[in-house]
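The sequence and coordinates come before the text.

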Amino acid sequence: MSFPWANQYRPSHPLMRWLDEKLPLPRFVYNAVGGGYPVPRNLNYFWNFGVLAGFMLVVQILTGVILAMHYAPNALVAFDSTEHIMRDVNWGWLLRYGHANGASMFFIVVYIHIFRGLFFGSYKAPREMIWLLGVVIYLLMMATGFMGYVLPWGQMSFWGAKVITGLFSAIPLVGTPLQEWLLGGFAPDNAALNRFFSLHFLLPFIIAAVVILHIWALHIPGSSNPTGIEVKSESDTVPFHPYYTAKDGFGLGVFLIFFAFMVFFAPNWLGHPDNYIPANPLSTPAHIVPEWYYWPFYAILRAFTSDFLFIPAKLMGVLAMFSAILLMFFLPWLDTSPVRSGRYRPLFRKFFWVLLLDVFILGWMGGLPAEEPYVMISQIASIYYFAHFLIILPIVSAIERPEPMPFSITEAVLGKDDKAVLPPSGSVPPAAEPLPA
Amino acid sequence: MVRIFGILAGLFFVAALLWSFVVGAITFAQEGKPATAEHEFHKHPRELHLASDGVFGKFDKQQLQRGFQVYKEVCSACHSLRLVAFRDLHQLGYNEAEVKAIAAGFQVPGVDPNTGEANTRPGLATDYFPKPYANDIAARAANNNAVPPDLSLMTKARHDGPAYVRSLLTGYRNQVGYKNEEGKELLEEFPDVKTPPGLHFNPWFPNLNLAMAPPLTADGQVTYGDGTKATVDQMAKDVAAFLVWTAEPKLAKRHQTGWPVLLFLIALTVLSYYAYQNVWRGVKGNH
């Protein structure tokens, strides 16, 4: 797609003209993230996080490919090969800490990216497909992160693998055979470690492919913006390059400072000490917890403590945990308000902040042992989580009266837009934009 | 349609969660939180400051050498250090001859070149620290059914690892009459948790009783070459410092590398900020 006023790629050098005729790759890049992509001029810093997520995917693939040259996916030596990387491989500690903390950074960035989308209504028409592909990326990331955590073959690796694959055993009839099939045995062992390694290497490339689709789908309607008002004219946009390459460059710098601080000065803050104990099938850790980025969903899983309508509590927990993520696929049709941005949605905005707090509480509870009162707090927080997406959003979007909105992005930025004049007939112009079908 | 199904699904999950909550709350109201001795009497590690702490932390080689001496003379009788090689001891400030001499002082598994039979030989600098027991069964048999854990990664494998090691080593107490900070007496509150024979009471250990007998029993148990007085607490601190090094020999290098990287990134970010402002000069956006 492009807006009619988008800059055209005009190579001046004969070599580039020749290349443009044979394989217009530079043109493709120019139109994707160069001067040929017009972007709303009013994007705030929350719009930096898509680029940061892409950057982290590249960091993870690069460090991961090199780590795989030194790591041995065999249950007998996996733990020691990880320590070999830490001790004997040149800069191995930097690669491994960079990769382990890189996973956390990737999730931090993606969580901010998701919540930005939630607040500013980026999931709404005409951008539903971008959102759906984003949820697919997030699911793939969770699978990849989980399998990556198993590879060092420490205590949390082993017991995490056992608990998470054990979730499948809650499925009636086929559950236990399914778990054994997934693991290649009755408990995590060499077969499981090998296949997790293989998939952990494969999935990031599938993520990269879906990221390309995500960006492709983005370029059809173009980027959203904090007002949620669609681009109307050239004065609403600036070319991606140099305006947003410059802004993203600055954002990347700030992010890298944070990332580097974690890698060099606090590389084990986000990990669990038990994973420095080699896997031992005969000794269960006191508290089995996954990595922090799964904690909100782990809290939901553990919130179901009683059987309900003949459904075993464990199965309910598994159903709810998967539903908590899968419901994201339906979000564009659950929230039917024609107004995208939370800025002009007074009621939605309040519930959004409650949701953000709720997810923090769920995350906090998910990292704590399954004791009272943490379980009761998780139950209340889980109730809000489901109620927010499945009950509150559909109702709010039906009853809410949005606040007045500017005519255009230009008016939002400059305070006036010359095109925003009353039509001569005196008829009332559309307050915002036509309702999506 | 999506909304109707959504609301129904939402009500289903909310109802199931409310049911779990009510059942849980009633149980909790009736039974309360079960009090356990571990919960009330397990202590968090005492604060410990080492030269390797913090963002400027470097190893104190003198202390590492003292800690190594404690490991060699006390801990190594039962605990392995399998991820550390004698050659690594260079980093503690020993020269090549000293490393060779230290290695030769340990017997490591070998093979008789004439018969092919397993035997032992003096260690070389390239060898790793040998294990004190042939296997876990032998280790259990000698230690009241507990395997002494490998110490290579101990300070990273426990919360607040170095402080935990020091607290544990100096934390053996007489269980009879033991009171916590609130003045509660353990055996009065929990008469059933009396330390079983063969175990030793130590409130810094997660379940309060461990199989390891107090390893550091008297001041002067080792004689330090540098003249430091070998009190029990000093030995515990030194071995904790040594185990920080064994857990991550590259720790000091990590800190040293981090500063130039951070300073470079800060400079880069400042420049990129001005570049960003420059590009947007005269264009009103959201910046």
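## Helix pair in chain B

In this predicted model, helix α6 of chain B (residues 161–169) packs against helix α8 of chain B (residues 232–247) at an angle of about 150 degrees, and their axes are 9 Å apart. Angles over 145 degrees count as roughly antiparallel, and α6(B) and α8(B) are therefore roughly antiparallel to each other. The crossing in which α6(B) passes α8(B) is right-handed.

On the α6(B) side, the contact is made by Pro162(B), Val165(B), Arg166(B) and Leu169(B). They meet Ala236(B), Lys237(B), Val239(B), Ala240(B), Ala241(B), Leu243(B) and Val244(B) of α8(B). By class, the residues of this contact between α6(B) and α8(B) comprise nine nonpolar, no polar and two charged.

## Helix pair in chain A

In chain A, helix α5 (residues 92–120) and helix α10 (residues 240–265) pack with their axes 9 Å apart, at an angle of about 135 degrees. That angle makes α5(A) oblique to α10(A). The two helices, α5(A) and α10(A), form a right-handed crossing.

From α5(A), the residues Tyr97(A), Gly98(A), Asn101(A) and Met105(A) meet Phe259(A), Met262(A) and Val263(A) of α10(A). The residues of the contact of α5(A) with α10(A) are five nonpolar, two polar and no charged.

## Contact between the chains

Between the chains, 55 residues of chain A are in contact with 52 residues of chain B. On the side of chain A that touches chain B, at least two residues each come from α4 (78–87), α10, α12 (313–326), α13 (331–334), α15 (374–399) and α16 (409–414) of chain A. The helix that gives the most to this side is α10(A), with 14 residues.

Sorted by class, the side of chain A that touches chain B holds 39 nonpolar, ten polar and six charged residues.

Chain B has nine helices and four strands. Along the sequence they follow the pattern α-α-α-α-β-β-α-α-α-β-β-α-α. Chain B has a radius of gyration of 28 Å, whereas the globule rule gives 19 Å for 287 residues; the value for chain B is well over that, so chain B is more spread out than a compact globule.

The C-alpha trace of chain B spans about 85 × 70 × 50 Å along its principal axes. Of the 287 residues of chain B, 28% count as buried. Among contacts in chain B between residues at least 6 apart in sequence, the share that joins residues at least 24 apart is 65%.

How values were computed
Residues are numbered from 1 along each chain as its sequence is written. Chains are lettered from A and ligands numbered from 1 in the order in which they are written. This is a predicted model: local features need pLDDT of at least 70, side-chain atom pairs count only at pLDDT 80 or more; totals for chains, interfaces and linings use all residues. Axes are lines fitted to C-alpha atoms, for helices over the stretch in contact, and angles run from 0 to 180 degrees between N-to-C directions. Angles under 35 degrees count as roughly parallel, over 145 as roughly antiparallel, 65 to 115 as roughly perpendicular and the rest as oblique. A crossing is left-handed if the near helix is turned anticlockwise from the far one by less than a right angle, and right-handed if clockwise. Two residues are in contact if their C-beta atoms, placed from the backbone, lie within 7 Å. Ala, Val, Leu, Ile, Met, Phe, Trp, Tyr, Cys and Pro count as nonpolar, Asp, Glu, Lys and Arg as charged, and the others, Gly among them, as polar. The radius of gyration is taken over C-alpha atoms; the globule rule is 2.2 Å times the number of residues to the power 0.38. A residue is buried if 20 or more other C-beta atoms lie within 10 Å of its own, exposed if 12 or fewer, and partly exposed in between; C-beta atoms are placed from the backbone.
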